[in-house]
Amino acid sequence: MIIEDDFRISAIHRQFVEDVDGYTVIKEARTAKEAKAFLQCGGPLPDLVLLDIYIPDVVGLDLFRYIRGQYPTISLIAVTAATESETVQNAIVGGVFDYIIKPVDASRLKRSLLSFQEKRAFLAGRKTVHQKEIDYLIGTSFEEEERPPATKKKDLPKGIDPITLHKVIGLVRQEKQGITAVELSKQTGMGHTTARRYLEYLVSTRMLRPSLKYGTVGRPERQYLIRGTYEQNDRNGD
């Protein structure tokens with residue numbers, strides 16, 4: 001959703017957003033009244049709102065605070081000409097995902113949208129996260145090696161998509177006894193060969209460790225475990 005009083009700027013931002021795979025603008029609102037009416041209508045809520053701070057029928061960050069308070073599942077990116085340090089600080093304290101100064105550079109907005117998409121995918125299906133993963137999610141990692149393995153598309157080899165990778169990591173973390181390529185294929189709908197490619201990539205990053213799973217008939221299957229889980233099982237004699 002885009003909340004922007006200038007229809008020309010709103011149209012530009014819409015084009016920038018919809019040029020990014022996975023994004024669709026479901027509403028452009030010109031005023032706080034229009035934005036609130038849409039959010040209150042009972043239809044599907046947006047995952048993300050691009051919000052101009054300077055909206056004619058609202059004061060300061062009041063609309064920002066309203067959305068954060070009434071719709072906590074909606075994330076916000078401020079896209080605004082407001083550069084006052086107090087406004088920026090209050091937006092950050094209030095939980096803004098990003099703060100982008102107008103005029104917006106398309107590549108800057110795209111990086112923000114991809115980051116939002118990536119972090120949502122990273123958390124999908126997880127019950128818990130580790131400290132270094134939290135540092136990555138909230139942007140307090142100070143060393144490159146503190147980031148989860150290869151989270152940026154440019155870091156990944158051909159055939160490995162970052163969003164799919166995070167989904168795979170989340171599924172593997174849930175399987176305390178490990179997972180095979182066949183099992184991963186069934187859970188995700190991807191082909192067996194593709195599932196094995198992702199698992200073997202995670203082995204190469206040393207996040208997973210392979211073992212052999214012996215069944216009652218046929219050859220043993222290659223099984224993959226998060227390294228800590230595998231090593232703890234070994235110590236326990238499992």
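Trainee: Is Thr-180 buried or exposed?

Mentor: Buried means under 20% relative accessible area, exposed over 50% and partly exposed in between, with a 1.4 Å probe and protein chains only; Thr-180 is buried, because its relative accessible area is 2%. This is a predicted model, in which local features need pLDDT of at least 70 and side-chain atom pairs count only at pLDDT 80 or more, while totals for chains, interfaces and linings use all residues. Residues are numbered from 1 along each chain as its sequence is written, and side-chain values use heavy atoms, with hydrogens and water left out.

Trainee: Which residues is Thr-180 in contact with, leaving aside its neighbours within four places in sequence?

Mentor: Contact means heavy atoms within 4.5 Å, and on that basis Thr-180 touches Leu-199, Lys-213, Glu-221, Arg-222 and Gln-223.

Trainee: In which strand is Thr-180 found, and what stands opposite Thr-180?

Mentor: Strands (E, at least two residues) and helices (H or I, at least four) are DSSP runs, numbered from the N terminus, and Thr-180 lies in strand β6, residues 179-180. Strands of a sheet pair through backbone hydrogen bonds, either parallel or antiparallel. Two strands pair if DSSP finds at least two bridges between them; β6 and strand β8 (residues 221-226) pair in the antiparallel sense over two bridges, and Gln-223 in β8 stands opposite Thr-180.

Trainee: What is the order of the strands in the sheet?

Mentor: The three strands form an open sheet, ordered β6-β8-β7, with antiparallel pairing. Since β6 and β7 (208-213) are at the edges and each has a single partner strand, one side of each is left without a neighbour in the sheet.
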